[in-house]
Amino acid sequence: MSDQSRKISSLRKRINEIDAELLRLLAERREVSLDVVRAKDVDESPIRDFQREEDLLVKRIRAGRELGLDAHYVTRIFHEIIDDSVRLQQEHVLRDANKQDAEPELIRVAFQGIEGAYSHLAAKKFFSKFGDRLRFLGLQSFEEVVKAVEEGRAEFAMLPIENTTSGGINEVYDLLLHTRLSIVGEEKYHVQHCLVAADDVPLASLREVYSHPQAVAQCSKFLATLAGCKVEYFTDTAMSVSKIKEDGDPTQAAIASEEAAKMFGLKVLRREIANQKENYTRFLVAARNPEVVPTRIPCKTSLVMATSQEPGSLVKSLVVFEKNGINLSKLESRPILGNPWEEMFYVDFEGNVAEDAVKRTLEELTRTTRFIKVLGSYRSQDLPRTTPSPRAISTEFPDAPAAGPAEDRSAPRPAAAESEPFRLTGRAHKPDDTVIEVRGVKIGGPEFVVIAGPCAVESREQIMACARRVKEHGAQVLRGGCFRPPSSPYSFSGLGHQGLDLLVEAGAAYGLPVVTEVVAPEDVAEVARKADILQIGQRNMQNFALLREVGRLHRPVLLKRGQMASIDEWLEAAQYVLEQGNHQVILCERGIRTLETSQRDTIDFNAIAALRRRTHLPVLLDPSHAAGDRDLVPPLALAARPVGAQGVMLEIHPDPERAVGDGRHALRFAQFDELMRALRR
Ligand code: PEP
Ligand code: MN
């Protein structure tokens, strides 16, 4: 060995020793930083102290300068060290707040695609703290990913929600609306696309490029330079790499991550081929249970809302955030499937559902929205960094005092003024009448609304005949039972989904919105896809599992009063739906049991008048079921409006004697015609 190489190897040895020492010190620093947060646990003091961080940085910069290290270098290194320390402390606090009796041994993360896809890489990064306990479950579609977590086959779902170049991922937004999962985290992943091939070939020889449509869109400018090259879409970037590996064709290439190329042993032909160098995809992490985020940690909340149909309600909703000092970081709109030209808004904001300002905001939003669902509060990934002013680190002012006290962003916000009892149904909460609009029909407004149709959908002819009469005589909504509540083990249970299709067909043929009853929680989502209003029958008024399902959706709910329910119990059931986020509840009085037994039921007219004072929700009357006799229906229906009902629901039938149920009180078409004329007078 020459002198020179001996010298180099001894220097290298020294560098190795220094690096080992640096690593040991970094690890020791971490331990001390954990001890600091443990000490802070006692009084729950904030994790971050920006003033202290800035002072520390200034001291390090000055000390570094004395050792010949420039300020920029020292700042960069200490920013990394401080970020790591803050993350570590936050994780400690989060773990403490979400302690489980039995931590799962394996942490299974579901994602769309195969290993090497960006979702997989982002999940590896986000969950790195779990080390060997981590397992991945690559699935075909986002829907399967969500389902895997809902059904307990994985603990977490990794879902891409937006990309800084190509925008929002619609499919994931639409899934979030319906899922029961909560968002518990976010990962902003730096996506660095490469052009990958089986061999080191010149770009000019490529004929086909495979990738995911999003990746193709993000690299459109580079792709335009590959003359004579065809682009083919693939379900994910890693799968396109796997495909060209299998084919082994040197004229094929894929757009994917460098990691995916390495995993499959392929060559990277070009790096950084995205239109934007700063190309990030934001992923949401979802789990079955919401995470408790202590208010000491900077937090973000995501929600989805549909604003009321009154003009200006979006602006009014946004003002609620502003008024409560809440900073929106995102507002995205998506069409409501099944309601053309209506929009659902996805909102991200800085704040935590555990904070008073956020609680106040959510309560106030119930007045300007018809549907709202909080998707979750989760630790924000953005770590604000302190940057000392040039004056503070200048050697010319060695003792310059640091600028005034830094803003303490993690300090608890001022306590909210105690709000009145949280009674979403009450006039105190919302003085103005709630008007619910379905296909242009306004329920709860000045116009008296008539809903009519058969007790049950029996056949196409029957429901078509009814729909025609409903339209001809100027009623606005078509009713028809498809899923019937069992009144006895032998009663007709309805035509089910087949009946619903007939009802929807009849409604569409005559331009009428339709209402139908749901009786089982598992049917709600499917019925809501087709029907305009979901009816909860009197027997199910306190079926809270069912109320929870309709409360989670954005379809208006017609809630009948239970035969044995008090007004308070009825309003509580409505409150339950509103609490879930669906603010569109129509109350329908249909008669209660009293000591009077010669009538089927007794209409509680008092309740209608009283409710109009107590609640902002629309109130209707169903005189048919109480009357139990078709000849009593017209006078009772005519009494509805004077006591304050905003509409009636009537049963009609082309041939009541042949009806499968409730034939005795079904109006004949001629009677219905006459009643409609009388109602118009
Ligand atoms: C109905 O309207 O179809 C019905 C079954 O009514 P209720 O729930 O009021 O008995
Ligand atoms: Mn009936």
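Predicted model: local features only at pLDDT ≥ 70, side-chain atom pairs only at ≥ 80, totals over all residues.
Biologist: Why is Cys466 called buried?

Modeller: Buried means under 20% relative accessible area. Cys466 has 0% relative accessibility, so Cys466 counts as buried.

Biologist: And what makes Cys229 buried?

Modeller: Its relative accessible area is 18%, which is under 20%, so Cys229 is buried too.

Biologist: How many disulfides are there in the whole structure?

Modeller: The search finds zero. A disulfide needs two cysteine sulfur atoms within 2.5 Å. For Cys229, the nearest cysteine sulfur belongs to Cys219, 13 Å away, so Cys229 is in no disulfide. For Cys466, the nearest is that of Cys455 at 11 Å, so Cys466 is in no disulfide either.

Biologist: Why does Arg484 count as having no salt bridge?

Modeller: The limit for a salt bridge is 4 Å, and the nearest side chain of opposite charge, Asp662, is 4.6 Å away, so no salt bridge is counted. You will find Arg484 in the loop between β19 (477-479) and α15 (496-510). Among the residues Arg484 touches are Cys455, Phe492 and Val519.

Biologist: What stands out about the phi of Glu272?

Modeller: Glu272 has a positive phi of about 50°, although it is not a glycine. The residue sits in the loop between β10 (267-270) and β11 (280-287). With 49% relative accessibility, Glu272 falls between the 20% and 50% cut-offs, so the label is partly exposed.

Biologist: Then why is Arg439 called exposed?

Modeller: Its relative accessibility is 57%, which is over 50%, so Arg439 counts as exposed. Arg439 also has a positive phi, near 45°. Its place is the loop between β16 (436-438) and β17 (441-443).

Biologist: Which residues have the most contacts inside the largest nonpolar core?

Modeller: They include Leu478, Leu559, Val585 and Phe672, in a core of 66 residues. Helix α18 (residues 567-580) gives the most to this core, with seven residues. Apart from it lies another core, of 29 residues, including Leu139 and Ile336.

Notes. Residues numbered from 1 in each chain as written. Chains lettered and ligands numbered in written order. Heavy atoms only, no water. Helix = DSSP H or I, 4+ residues; strand = E, 2+ residues; numbered from the N terminus. Buried < 20%, exposed > 50% of the residue type's maximum accessible area, 1.4 Å probe, protein only. Lys, Arg positive; Asp, Glu negative; His and termini not counted. Contact = heavy atoms within 4.5 Å. Core = buried A, V, L, I, M, F, W, Y, C linked by side-chain atoms within 4.5 Å. Lists of a residue's contacts leave out its neighbours within four places in sequence.
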